[in-house]
Amino acid sequence: MNKLLLLCLLVLAPVSMASADLKVAVIDLSKAFDAYYKTKDAQARLNEKITEAQKDMSDLTSEYEHMAEEAQKLHDAANDPTLSPAARADKASALQQKQQDLLALQNKVEETKQERERDIEEDKMRRHKEILDEITKVVNNYAAPQGFDLVMDKAGISANSGSPTILYNSSKLVDITDEVIRQLNASAPPPSAAPSGAAAPATPAAPVPPPVAH
């Protein structure tokens, strides 16, 4: 019995010592992401693109509605008994052409909507990745000289369960969030140099995807 206990202690000793030597820090990546001045810049530029897309879609929709009204007038004229048969035939022919134009415009509206949504989504994902890469670089440059072996995101969410990946962290762990935010914003331009759209994020309408996510 004593030999078995001694064997267990010898096996577990290296693991315990390694754990004791492991230096771990935590960061609230979501907080750092939101506080980074480049995130606000990216959101402002994305809002501008969303606003432009909304205007394009609004113009196309107005054009479609106007053409639909013209088609309705031609339809009414083609069935107007007060007109001569020849006049009604002319209106019916014009209506047929207008309906073809209307269908082509409808297809253009749908294609433009899909193109704008895809473009905005790709831009959002690209900017998101660029910002995360910059945050990761700052974390690495800070953590290595400080002697940290591991930096964990305490705000991380599991993709499978939707629950936090870290359910508990000791107050003894070093939280480097504020220091990382300070370093990220060290090169931020003066407030007057910020993009004009940064102060008032736009709310995207139905066809366009949501703004930059974490």
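Biologist: In what order do the elements of the chain run from the N terminus on?

Modeller: The order is α-β-α-α-α-β-β-α. That gives 5 helices and 3 strands. Helices are DSSP runs of H or I with at least four residues, strands are E runs with at least two, and both are numbered from the N terminus.

Biologist: What kind of model is this?

Modeller: This is a predicted model, in which local features need pLDDT of at least 70 and side-chain atom pairs count only at pLDDT 80 or more, while totals for chains, interfaces and linings use all residues. Residues are numbered from 1 along each chain as its sequence is written, and side-chain values use heavy atoms, with hydrogens and water left out.

Biologist: What makes H3 and H4 roughly antiparallel?

Modeller: The crossing angle. Helix H3 covers residues 37–78 and helix H4 residues 85–146, and their axes cross at roughly 170 degrees. Angles over 145 degrees count as roughly antiparallel, under 35 as roughly parallel, 65 to 115 as roughly perpendicular, and the rest as oblique. H3 and H4 are therefore roughly antiparallel to each other.

Biologist: How are the axes defined, and over what range do the angles run?

Modeller: Axes are lines fitted to C-alpha atoms, for helices over the stretch in contact, and angles run from 0 to 180 degrees between N-to-C directions. The axes of H3 and H4 come within 9 Å.

Biologist: Which classes of residue make up the contact of H3 with H4?

Modeller: By class, there are 21 nonpolar, 4 polar and 18 charged residues. Ala, Val, Leu, Ile, Met, Phe, Trp, Tyr, Cys and Pro count as nonpolar, Asp, Glu, Lys and Arg as charged, and the others, Gly among them, as polar.

Biologist: Why is Thr-112 called buried?

Modeller: Thr-112 sits in helix H4. Buried means under 20% relative accessible area, exposed over 50%, and partly exposed in between, with a 1.4 Å probe and protein chains only. Thr-112 has 11%, so Thr-112 counts as buried. Across the chain of 214 residues, 25% count as buried.

Biologist: How do you know that Thr-112 makes a polar contact with Lys-108?

Modeller: The side chain of Thr-112 reaches the backbone oxygen of Lys-108 at 2.8 Å. A polar contact is a pair of N or O atoms within 3.5 Å; within protein, one must be able to donate a hydrogen and the other to accept it, and residues adjacent in sequence count only if both atoms are side-chain atoms.

Biologist: What does Thr-112 touch beyond four places in sequence?

Modeller: Thr-112 touches Met-57 and Leu-60. Contact means heavy atoms within 4.5 Å.

Biologist: What makes Asp-119 and Lys-49 a salt bridge?

Modeller: Their side chains meet at 3.5 Å, N to O. A salt bridge is a side-chain nitrogen of Lys or Arg within 4 Å of a carboxyl oxygen of Asp or Glu. Asp-119 lies in helix H4 and Lys-49 in helix H3, so the pair ties together parts that are 70 residues apart in sequence. Asp-119 is partly exposed at 33%, and Lys-49 is partly exposed at 27%. The structure holds 15 salt bridges.

Biologist: How far apart along helix H3 are Lys-55 and Asp-59?

Modeller: They are 4 residues apart, so about one helical turn separates them. Their side chains form a salt bridge at 3.0 Å, N to O. Lys-55 has 53% relative accessible area and is exposed, whereas Asp-59 has 39% and counts as partly exposed.

Biologist: Is Lys-124 buried or exposed?

Modeller: Lys-124 is buried, at 7%. Its salt-bridge partner is Glu-121, at 3.0 Å, N to O. Glu-121 counts as partly exposed at 28%.

Biologist: Where does Arg-116 sit, and what does Arg-116 touch?

Modeller: Arg-116 is in helix H4. Leaving out residues up to four places away in sequence, Arg-116 touches Ala-53 and Asp-56. Ala-53 is 63 residues from Arg-116 in sequence, yet 6.2 Å away, C-alpha to C-alpha. Arg-116 is partly exposed at 27%.

Biologist: Which residues does Leu-173 contact beyond four places in sequence?

Modeller: Val-24 and Val-26. Leu-173 lies in the loop between strand E2 (150–153) and strand E3 (174–175). Leu-173 and Ala-25 are 148 residues apart in sequence and 5.7 Å apart in space, C-alpha to C-alpha. Leu-173 is partly exposed at 30%.
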